[in-house]
Every structure is written in structure tokens, then in C-alpha cells.
Amino acid sequence: MSTENNKNKKYLTITFGCQMNEHDSEQIAGILENNGYNPAYDLNEADLIIINTCCVRETAENKVYGLLGRLGKIKKTKPDLIIGVGGCMSQQEHVAKRLKQRFPYVDVVFGTFNLHTLGDLLAKARETKQQVIDIWHEAGMEECILPVKRVPGIRAWVNITLGCNNFCTYCIVPYVRGRERSRSPESIIKEINELGQEGYKDITLLGQNVNSYGKDLKEGIDFADLLTKVNSIDGIYRIRYMTSHPRDFNDKLITTITGLSKVCEHIHLPVQAGSNRILKKMNRGYTREDYFDLIEKIRVAIPDVSLTTDVMVGFPGETEADFRDTYELMQEIKFDSAFTFVYNKREGTPAARMEEQVPDEVKSERIQKIIELQNKITLENNKSDVGKVLECLVEGPSKTNSELMSARTRTNKIVVFRGGNNVIGKVVPLKITGCSLTHLEGENYAL
Ligand code: SAM
Ligand code: SF4
Ligand code: F3S
């Protein structure tokens, strides 16, 4: 694609879904800027709009169809507008078909494996004035290492694995993201080195199951070894990682983490359910007892650790007793926070074909109970931080109150405090003076 043609053209990406998708959008932005586009700040000023979609639940898909309806109206008044749809949702055959039939004004449809071809697809759509649909079903790791246009700041995401081999019976991700592939340690280290030089300080290593990093590599490296390498990179202050799978969180990893100064005391460890019967039907590969044992080991090794989770209610066949197991597990473990999900049937997954789907009213009752419980626990845990002095990395002005600064604890909690721009990017000790459900309040203890 000629960059000259795009010189005064502006693009906007709209992203649904998880951090991996957010990071893919940073790569899409990288590709577009390499092709001469400049960023737009709203729908109206954009000449090109790329929607990066998610299909983990139906609601995410419906939002995309709603948005496409709105964009169709804009395109009537602005016929040169180019619309692209990519990501997990368009990777599914039936969705690509629907986009073709119902949304002929979408110019380009691509999938999760061929982001790197976006420049060519856009050029072809412009040239032919036809809808261009190109969905790949596999790609090597090399094709997935693309230019990245990150939001300037302190935090950056780095892919370490793509895809997933776990096939939890409810989940569509392995079907739309493919089998797990690990990125070479050299490539990861090179990217993080560059990030350190550019001033990024807080790095999150991304993968659907980071703990199984390296299993497909010849190097004989595992996730603990990778963390050890990353820990020695200059300029980086903090290392985070997500998501961890309870089955693969082994003793070596726990011991390694305790010895690495930059690896933060926060572990996101999705439990999904507290009932052994449901965990088995979900194909999670651990029992309730295994999960409790793991939490115990982690808490002994890392006493200040913050634990967060994903939990789901309403999986097919979930009885009141199964739900109680989940509720009681959460009461006992007291996670710092939890992403709560209502099970949603995903076409093509084994759970969608299971009998005994739970009625919607029961699902919504259960999710309400879980959310209420978790909110209470989150607030209690936050209150227990009041009075402590915590090492916080300052990220910039607070998003909700520009008179305050926003910083992050090693345990991934946000602390707002009074401070000047001179502390951005610095680690400061903050004394925690108050809290709410969403954040802590503090004051600079160094002054
Ligand atoms: N790989 C991560 C793991 O194993 O925990 C999570 C990836 S998934 C994108 C994020 C969360 O979405 C899952 O932890 C699960 O709770 C939720 N999820 C996945 N499929 C779902 C479905 N069919 N209905 C509701 N929630 C779902
Ligand atoms: Fe989905 Fe399970 Fe893979 Fe997570 S580990 S992405 S929930 S299949
Ligand atoms: Fe993420 Fe949604 Fe895809 S959660 S991996 S964007 S299906």
C-alpha cells in the first residue's frame, strides 16, 4: 500500500475483549501508521475504522453488530469511509458469512492469524471497491511479531504465547486463536529491552496460559526461566503476567517468583468454579482441593500476594449445591477482585451441546450473589491496606480527578494521591489513608 495515498488519512481502532485483543489493536495501529495513516480521536474524523472483535460471549458479538449498524449510517453520509472488521469474532466462519450478507458496506474482514496482511487488504478494497474477506486458519509466530504503536506511558504488554491448548469446554478461544505457540525468548527479551530504553517500566507478559510457556520450544526453557531472564533487563521496574492456569502453576515457578525482585506480588488465577463436578465438566484439569492447596502454597511463599480470579456461574448442570461450593470457595479465599461471568453458550464448544442448560433467571440470581459477595470482600481487603506504606509506581494524572495523581501498587491496586508531574514514572512510598471499592487513597510518605 502506498503510504503517500494515506498521508492525510486518519484511522480509529475500536477494541472489544481481553488484553490480548487490546495488544493486537496496538499492532493494528502500528501497521496503519507504518502505512502512512494518522490516529483519529473520534468516529467522525476517521477515514478508516477498524473494529477488533471478541466472541467470548454473545453480548460482545451483539455490541459489534450494533456498532456496525451505526457505522452503516455514517457511511451513507461519508461514502469514502473504509470499515474493517477483524479479531476473534470474524475468525468464525458463520460470522464472516453474516458480515458478507448483512453488512456489505464493511470493506475488509480479516481474522486473528492475518493482522500482518491488513495493509494489503485495505489497498485491495480501495482498488476493487469490493468487500475483501481474508481469514487464515494458521500462522507462525514470526507473522505475529508486528510493529506496535503503544500508548505512551509506563505500562506495556508483551505477547509471550499465542493461542491455547486447554479446550475448557465452555470456551471459544482455542477455536479462534489456534494452538498454543511460544515466542522465542530472544525475541521477547529484545522487545522488553527496547521498551526499557523507551521508558516503559511496568511490563505485563501476555498469554492465555503463561505457565505453559516454552513447552513447544526446542530451547528447553519454561516460564520460570523466562521470568528470570526478564528480571535482569535494565530500565524495567516491574514484571506482571497473565493469565496463569492453576494446573500449570508449579513449585518451581513459586520458588522462582519469590527470588525475583521485579516480579510483582499479584497473581491472576482463574478458578472458574468451586465444585469438583463442574470443574471436571469444564475440563479445567484441577480439583477444588488442588486449587486450595495451590493458594496455600502461594500465600506461604509470598505473604503479601494479591490474588484475583475469573469465576463463572450457570455452567450446564450447575446445581444449587455446586453454586454453593463456588460461593464458599470465594468466601474462604477472599480474592482481592474477581471478573465474574455468566455462562454463555458458544456455538462449536462441547458445553453448548450439554443438556441441563441453567435457566437465565437462575443464572442472574447466582451472579448477583457472587458480585455482592466479592464487592464486600474487595472493600474489606482494601480497608486492610489502610495505614500501610506501599511502594507505588506513578502512572500519571488520575482519570477521574485530574487534580490527583494515579499510581499502582505492586499488588496491582490503584492509589490516588496529591502530587506533581515530576513524580510520573517514579516509585514513591505512599501511605494509604482511605479506600473505596475501586481504589486506594494515599499520601506521599517521602515528603
Ligand atoms: N485463559 C484464561 C483462563 O483460562 O482463565 C482466560 C481467557 S477467557 C478469554 C476470559 C474468561 O472468560 C474466562 O476465564 C472465563 O471465565 C470467561 N469465559 C470464557 N468462555 C465463556 C463463556 N462461554 N461464557 C461465559 N464466560 C466465559
Ligand atoms: Fe479458554 Fe480455558 Fe484456554 Fe482460558 S485456558 S483461553 S478459559 S480454553
Ligand atoms: Fe480475547 Fe475475546 Fe478473543 S476474550 S482471545 S478477544 S474471544
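Mentor: Let us begin with secondary structure: helices (H or I, at least four residues) and strands (E, at least two) are DSSP runs, numbered from the N terminus. By that rule, M20 is found in helix α1, residues 19–34. This is a predicted model, in which local features need pLDDT of at least 70 and side-chain atom pairs count only at pLDDT 80 or more, whereas totals for chains, interfaces and linings use all residues. Residues are numbered from 1 along each chain as its sequence is written, chains are lettered from A and ligands numbered from 1 in the order in which they are written, and side-chain values use heavy atoms, with hydrogens and water left out.

Trainee: Is M20 buried or exposed?

Mentor: Buried means under 20% relative accessible area, exposed over 50%, and partly exposed in between (1.4 Å probe, protein chains only). M20 has 7% relative accessibility and therefore counts as buried.

Trainee: Which residues does M20 touch?

Mentor: Contact means heavy atoms within 4.5 Å. Leaving aside residues up to four places away in sequence, M20 touches N159, T161, L206, G207 and Q208. The C-alpha atoms of M20 and M242 are separated by 9.8 Å, although these residues lie 222 residues apart along the chain.

Trainee: How many aromatic pairs are there?

Mentor: A pair of aromatic rings is described by the distance of the centres and the angle of the planes. Rings of Phe, Tyr and Trp (its six-membered ring) pair if their centres lie within 6.5 Å; planes under 30 degrees apart count as stacked, over 60 as edge-to-face and the rest as tilted. The count comes to 9 aromatic pairs. In one of them, the ring centres of F167 and Y175 are 5.4 Å apart and the planes stand at 80°, so this pair is edge-to-face. F167 is partly exposed at 27% relative accessibility, and Y175 is partly exposed at 39%.

Trainee: Which parts does the pair of F223 and Y241 tie together?

Mentor: F223 and Y241 are also edge-to-face, at 5.4 Å centre to centre with 70° between the planes. F223 lies in helix α7 (residues 223–231) and Y241 in strand β11 (residues 238–242), so the pair ties together parts that are 18 residues apart in sequence. Both F223 and Y241 are buried.

Trainee: Which residue lies over the face of Y65?

Mentor: A charge sits over a ring if NZ of Lys or CZ of Arg is within 6 Å of the ring centre and within 35 degrees of the ring normal. R98 lies over the face of Y65, 3.9 Å from the ring centre. Y65 is also linked by ring pairs with F103 and Y105 into a cluster.
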